[in-house]
Amino acid sequence: MAVSYLQISPEVASSIRLVMTDVDGTLTSDGRSFNAEVSQAIRQLKRESILVGLISGRNMQRLESLASELAVNGPLIGENGGVAKLKAGGEPVDLGYSRQPAVDAFQKLKRLFPDAVEDTEYNPARLVDYVIRVNGVSVTELSRHLEGAQLLDSGYMLHLLPQGVSKGRTLMRLLDRIAGGLSPEQVMVFGDSPTDVSLFQLFPHSVLIPNPVLSAEDDILRKAARYESALPSGEGFAQVVFHFLKVRHNSAVKK
Ligand SMILES: [Mg+2]
(Lines give C-alpha, C1' and ligand atoms only; values in the text may rest on other atoms or scores of the structure.)
Protein backbone atom coordinates (compact mmCIF):
# COMPACT_ATOMS: atom_id res chain seq x y z
CA MET A 1 0.00 0.00 0.00
CA ALA A 2 1.42 3.39 -0.98
CA VAL A 3 2.84 5.52 1.83
CA SER A 4 3.68 9.23 1.80
CA TYR A 5 6.70 10.30 -0.29
CA LEU A 6 8.03 11.78 2.98
CA GLN A 7 8.97 8.22 3.96
CA ILE A 8 11.58 7.84 1.19
CA SER A 9 14.66 6.77 3.16
CA PRO A 10 18.21 8.12 2.79
CA GLU A 11 19.28 4.66 1.49
CA VAL A 12 16.68 4.73 -1.26
CA ALA A 13 17.35 8.39 -2.11
CA SER A 14 21.09 7.70 -2.44
CA SER A 15 20.66 4.64 -4.65
CA ILE A 16 18.65 6.22 -7.50
CA ARG A 17 20.45 6.62 -10.86
CA LEU A 18 17.48 6.78 -13.24
CA VAL A 19 14.08 8.47 -12.98
CA MET A 20 11.46 7.25 -15.48
CA THR A 21 8.25 9.20 -15.55
CA ASP A 22 4.90 8.91 -17.28
CA VAL A 23 3.76 12.13 -19.00
CA ASP A 24 -0.03 12.63 -19.12
CA GLY A 25 -1.53 13.01 -15.66
CA THR A 26 1.94 12.71 -14.09
CA LEU A 27 3.90 15.69 -15.48
CA THR A 28 0.97 17.58 -17.00
CA SER A 29 -2.79 17.64 -16.46
CA ASP A 30 -3.77 19.06 -19.87
CA GLY A 31 -1.18 17.29 -22.07
CA ARG A 32 0.33 20.57 -23.28
CA SER A 33 1.63 22.79 -20.51
CA PHE A 34 4.33 21.92 -17.99
CA ASN A 35 4.80 24.14 -14.98
CA ALA A 36 8.20 25.64 -14.24
CA GLU A 37 8.75 23.27 -11.31
CA VAL A 38 8.80 20.25 -13.64
CA SER A 39 11.70 21.69 -15.67
CA GLN A 40 13.45 22.70 -12.47
CA ALA A 41 13.07 19.20 -11.02
CA ILE A 42 14.48 17.63 -14.21
CA ARG A 43 17.43 20.07 -14.19
CA GLN A 44 18.21 19.23 -10.56
CA LEU A 45 18.10 15.49 -11.22
CA LYS A 46 20.54 15.87 -14.11
CA ARG A 47 22.83 17.99 -11.95
CA GLU A 48 22.98 15.01 -9.54
CA SER A 49 23.99 12.79 -12.51
CA ILE A 50 20.60 11.06 -12.41
CA LEU A 51 19.27 10.17 -15.86
CA VAL A 52 15.68 11.24 -16.61
CA GLY A 53 13.54 9.38 -19.16
CA LEU A 54 9.92 9.36 -20.34
CA ILE A 55 7.61 6.31 -20.36
CA SER A 56 4.23 7.02 -21.90
CA GLY A 57 1.32 5.90 -24.05
CA ARG A 58 2.30 8.58 -26.60
CA ASN A 59 3.91 7.60 -29.88
CA MET A 60 7.70 7.96 -30.32
CA GLN A 61 7.51 11.05 -32.51
CA ARG A 62 5.56 12.93 -29.84
CA LEU A 63 7.90 11.69 -27.12
CA GLU A 64 10.93 12.88 -29.10
CA SER A 65 9.58 16.44 -29.30
CA LEU A 66 8.68 16.35 -25.62
CA ALA A 67 12.16 15.05 -24.76
CA SER A 68 13.71 18.08 -26.41
CA GLU A 69 11.19 20.47 -24.81
CA LEU A 70 11.91 19.07 -21.33
CA ALA A 71 15.62 18.41 -22.03
CA VAL A 72 15.57 14.86 -20.70
CA ASN A 73 18.69 12.74 -21.23
CA GLY A 74 17.47 9.19 -20.53
CA PRO A 75 15.49 6.49 -22.36
CA LEU A 76 12.21 7.08 -24.16
CA ILE A 77 9.56 4.35 -24.00
CA GLY A 78 6.35 4.98 -25.97
CA GLU A 79 3.07 3.22 -26.80
CA ASN A 80 2.86 1.85 -23.22
CA GLY A 81 6.01 -0.23 -23.67
CA GLY A 82 5.56 -1.07 -27.35
CA VAL A 83 8.44 1.07 -28.66
CA ALA A 84 11.70 2.29 -27.09
CA LYS A 85 14.92 4.25 -27.59
CA LEU A 86 17.87 4.35 -25.20
CA LYS A 87 17.97 8.13 -25.68
CA ALA A 88 16.27 10.86 -27.67
CA GLY A 89 17.45 11.01 -31.28
CA GLY A 90 18.81 7.45 -31.09
CA GLU A 91 17.87 4.31 -32.98
CA PRO A 92 14.72 2.41 -31.96
CA VAL A 93 15.43 -0.70 -29.85
CA ASP A 94 14.21 -3.88 -31.56
CA LEU A 95 11.75 -5.25 -29.00
CA GLY A 96 10.28 -7.79 -31.42
CA TYR A 97 6.64 -6.88 -30.72
CA SER A 98 3.86 -7.41 -33.27
CA ARG A 99 0.79 -5.20 -33.37
CA GLN A 100 -1.39 -7.95 -34.84
CA PRO A 101 -2.96 -9.16 -31.54
CA ALA A 102 -4.09 -5.57 -30.79
CA VAL A 103 -5.50 -5.10 -34.31
CA ASP A 104 -7.33 -8.45 -34.09
CA ALA A 105 -8.71 -7.45 -30.70
CA PHE A 106 -10.01 -4.14 -32.08
CA GLN A 107 -11.76 -5.94 -34.97
CA LYS A 108 -13.36 -8.42 -32.59
CA LEU A 109 -14.61 -5.71 -30.22
CA LYS A 110 -15.92 -3.67 -33.16
CA ARG A 111 -17.84 -6.73 -34.38
CA LEU A 112 -19.31 -7.45 -30.92
CA PHE A 113 -20.03 -3.82 -29.96
CA PRO A 114 -20.44 -1.94 -33.27
CA ASP A 115 -22.14 1.10 -31.73
CA ALA A 116 -19.89 1.40 -28.68
CA VAL A 117 -16.36 0.85 -30.02
CA GLU A 118 -14.67 3.36 -32.34
CA ASP A 119 -11.35 3.58 -34.17
CA THR A 120 -9.29 6.77 -33.62
CA GLU A 121 -7.09 9.13 -35.60
CA TYR A 122 -4.09 8.21 -33.39
CA ASN A 123 -3.54 4.78 -34.92
CA PRO A 124 -1.68 5.47 -38.21
CA ALA A 125 1.29 6.89 -36.24
CA ARG A 126 1.52 3.83 -33.96
CA LEU A 127 3.43 0.57 -34.30
CA VAL A 128 2.27 -1.67 -31.42
CA ASP A 129 -0.47 -0.04 -29.29
CA TYR A 130 -4.01 0.45 -30.73
CA VAL A 131 -6.04 3.38 -29.38
CA ILE A 132 -9.84 3.15 -29.26
CA ARG A 133 -12.79 5.17 -28.02
CA VAL A 134 -15.62 3.44 -26.20
CA ASN A 135 -19.06 4.72 -25.26
CA GLY A 136 -21.32 2.97 -22.80
CA VAL A 137 -19.45 -0.33 -22.23
CA SER A 138 -17.02 -0.83 -19.34
CA VAL A 139 -13.37 -1.85 -19.67
CA THR A 140 -14.17 -4.92 -17.54
CA GLU A 141 -16.94 -6.02 -19.91
CA LEU A 142 -14.81 -5.46 -23.03
CA SER A 143 -11.81 -7.25 -21.46
CA ARG A 144 -13.89 -10.41 -21.08
CA HIS A 145 -13.84 -10.84 -24.86
CA LEU A 146 -10.10 -10.36 -25.39
CA GLU A 147 -7.61 -13.07 -26.31
CA GLY A 148 -3.93 -12.30 -26.75
CA ALA A 149 -4.49 -8.63 -25.95
CA GLN A 150 -5.19 -6.40 -22.95
CA LEU A 151 -7.23 -3.21 -22.62
CA LEU A 152 -5.84 -0.39 -20.47
CA ASP A 153 -7.34 2.95 -19.47
CA SER A 154 -4.81 5.79 -19.26
CA GLY A 155 -7.49 8.18 -18.03
CA TYR A 156 -7.34 9.92 -21.41
CA MET A 157 -7.61 7.09 -23.95
CA LEU A 158 -8.20 3.34 -24.07
CA HIS A 159 -5.25 1.29 -25.28
CA LEU A 160 -5.29 -2.21 -26.75
CA LEU A 161 -1.89 -3.84 -26.27
CA PRO A 162 -0.60 -7.29 -27.23
CA GLN A 163 -0.49 -9.54 -24.14
CA GLY A 164 2.91 -9.36 -22.43
CA VAL A 165 3.69 -5.82 -23.59
CA SER A 166 3.86 -3.32 -20.73
CA LYS A 167 5.77 -0.27 -19.58
CA GLY A 168 7.29 -2.22 -16.69
CA ARG A 169 8.45 -5.15 -18.77
CA THR A 170 10.00 -2.99 -21.50
CA LEU A 171 11.89 -0.85 -18.97
CA MET A 172 13.12 -4.05 -17.29
CA ARG A 173 14.37 -5.33 -20.68
CA LEU A 174 16.40 -2.14 -21.24
CA LEU A 175 18.08 -1.93 -17.81
CA ASP A 176 21.33 -3.71 -18.65
CA ARG A 177 21.85 -1.30 -21.58
CA ILE A 178 21.44 1.91 -19.54
CA ALA A 179 24.43 3.63 -17.90
CA GLY A 180 26.55 0.48 -18.01
CA GLY A 181 23.77 -1.61 -16.46
CA LEU A 182 21.25 -0.76 -13.72
CA SER A 183 19.29 -2.84 -11.22
CA PRO A 184 15.56 -2.20 -10.57
CA GLU A 185 16.55 -0.79 -7.14
CA GLN A 186 18.43 2.04 -8.86
CA VAL A 187 15.34 3.28 -10.69
CA MET A 188 12.52 5.52 -9.46
CA VAL A 189 9.31 5.34 -11.53
CA PHE A 190 6.39 7.80 -11.57
CA GLY A 191 2.86 7.25 -12.89
CA ASP A 192 -0.83 7.98 -12.39
CA SER A 193 -2.96 5.34 -14.15
CA PRO A 194 -3.60 1.62 -14.79
CA THR A 195 -1.08 1.82 -17.67
CA ASP A 196 1.59 2.36 -14.97
CA VAL A 197 0.69 -0.58 -12.70
CA SER A 198 3.32 -2.84 -14.35
CA LEU A 199 5.95 -0.23 -13.43
CA PHE A 200 4.70 -0.09 -9.85
CA GLN A 201 4.79 -3.89 -9.60
CA LEU A 202 8.23 -4.48 -11.12
CA PHE A 203 10.16 -1.53 -9.65
CA PRO A 204 10.39 -1.26 -5.85
CA HIS A 205 10.78 2.55 -5.76
CA SER A 206 7.53 3.59 -7.44
CA VAL A 207 5.58 6.80 -6.94
CA LEU A 208 1.86 7.29 -7.59
CA ILE A 209 0.84 10.81 -8.61
CA PRO A 210 -2.90 10.81 -7.77
CA ASN A 211 -5.07 11.84 -10.73
CA PRO A 212 -8.55 13.16 -9.92
CA VAL A 213 -9.78 11.87 -13.32
CA LEU A 214 -9.02 8.31 -12.20
CA SER A 215 -10.34 8.24 -8.63
CA ALA A 216 -12.30 5.02 -9.34
CA GLU A 217 -8.97 3.21 -9.87
CA ASP A 218 -7.39 4.51 -6.66
CA ASP A 219 -7.42 1.19 -4.82
CA ILE A 220 -5.62 -0.77 -7.54
CA LEU A 221 -3.02 1.97 -7.98
CA ARG A 222 -2.42 2.53 -4.26
CA LYS A 223 -2.02 -1.19 -3.70
CA ALA A 224 0.65 -1.45 -6.39
CA ALA A 225 2.68 1.73 -5.73
CA ARG A 226 5.24 2.17 -2.92
CA TYR A 227 4.95 5.95 -2.42
CA GLU A 228 2.41 8.64 -3.18
CA SER A 229 2.73 12.40 -3.71
CA ALA A 230 0.46 14.84 -1.88
CA LEU A 231 -0.04 17.09 -4.93
CA PRO A 232 -1.39 16.19 -8.41
CA SER A 233 0.42 16.05 -11.80
CA GLY A 234 3.58 18.17 -12.34
CA GLU A 235 3.43 19.71 -8.89
CA GLY A 236 3.35 16.25 -7.34
CA PHE A 237 6.28 15.05 -9.46
CA ALA A 238 8.37 18.09 -8.50
CA GLN A 239 7.38 17.76 -4.84
CA VAL A 240 8.70 14.18 -4.66
CA VAL A 241 11.87 14.94 -6.66
CA PHE A 242 12.79 17.98 -4.53
CA HIS A 243 12.18 15.94 -1.38
CA PHE A 244 14.24 12.91 -2.33
CA LEU A 245 17.12 15.08 -3.57
CA LYS A 246 17.11 16.87 -0.21
CA VAL A 247 17.18 13.53 1.66
CA ARG A 248 20.00 12.38 -0.64
CA HIS A 249 22.01 15.56 0.09
CA ASN A 250 21.53 15.32 3.82
CA SER A 251 22.68 11.72 3.89
CA ALA A 252 25.74 12.57 1.72
CA VAL A 253 26.66 15.40 4.11
CA LYS A 254 26.44 13.05 7.12
CA LYS A 255 28.78 10.57 5.45
MG1 LIG B 1 -0.67 8.93 -17.24
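1. Start with glutamate 147 and lysine 108: their side chains meet in a salt bridge at 2.9 Å, N to O (a salt bridge is a side-chain nitrogen of Lys or Arg within 4 Å of a carboxyl oxygen of Asp or Glu). Glutamate 147 sits in the loop between α5 (139-143) and β8 (149-153), and lysine 108 in helix α4 (residues 100-112), so the pair ties together parts 39 residues apart in sequence. Helices (H or I, at least four residues) and strands (E, at least two) are DSSP runs, numbered from the N terminus.

2. A word on the source: this is a predicted model, where local features need pLDDT of at least 70 and side-chain atom pairs count only at pLDDT 80 or more, while totals for chains, interfaces and linings use all residues. Residues are numbered from 1 along each chain as its sequence is written, and side-chain values use heavy atoms, leaving out hydrogens and water.

3. Back to that pair: glutamate 147 is exposed, at 63% relative accessible area, while lysine 108 is partly exposed at 23%. (Buried means under 20%, exposed over 50%, partly exposed in between, with a 1.4 Å probe and protein chains only.)

4. Now look at glutamate 64 and lysine 85, whose side chains form a salt bridge at 2.6 Å, N to O. This one links distant parts of the chain, helix α3 (residues 60-70) and strand β5 (residues 83-85), with the partners 21 residues apart. Lysine 85 counts as buried, at 13% relative accessibility.

5. Arginine 144 pairs with glutamate 141 in a salt bridge, the closest N and O atoms being 2.5 Å apart. Here arginine 144 is exposed at 61%, and glutamate 141 is partly exposed at 24%.

6. How many salt bridges does the structure hold? There are 10. Also check out Asp22, Lys167 and Asp196, which are linked in a salt-bridge network.
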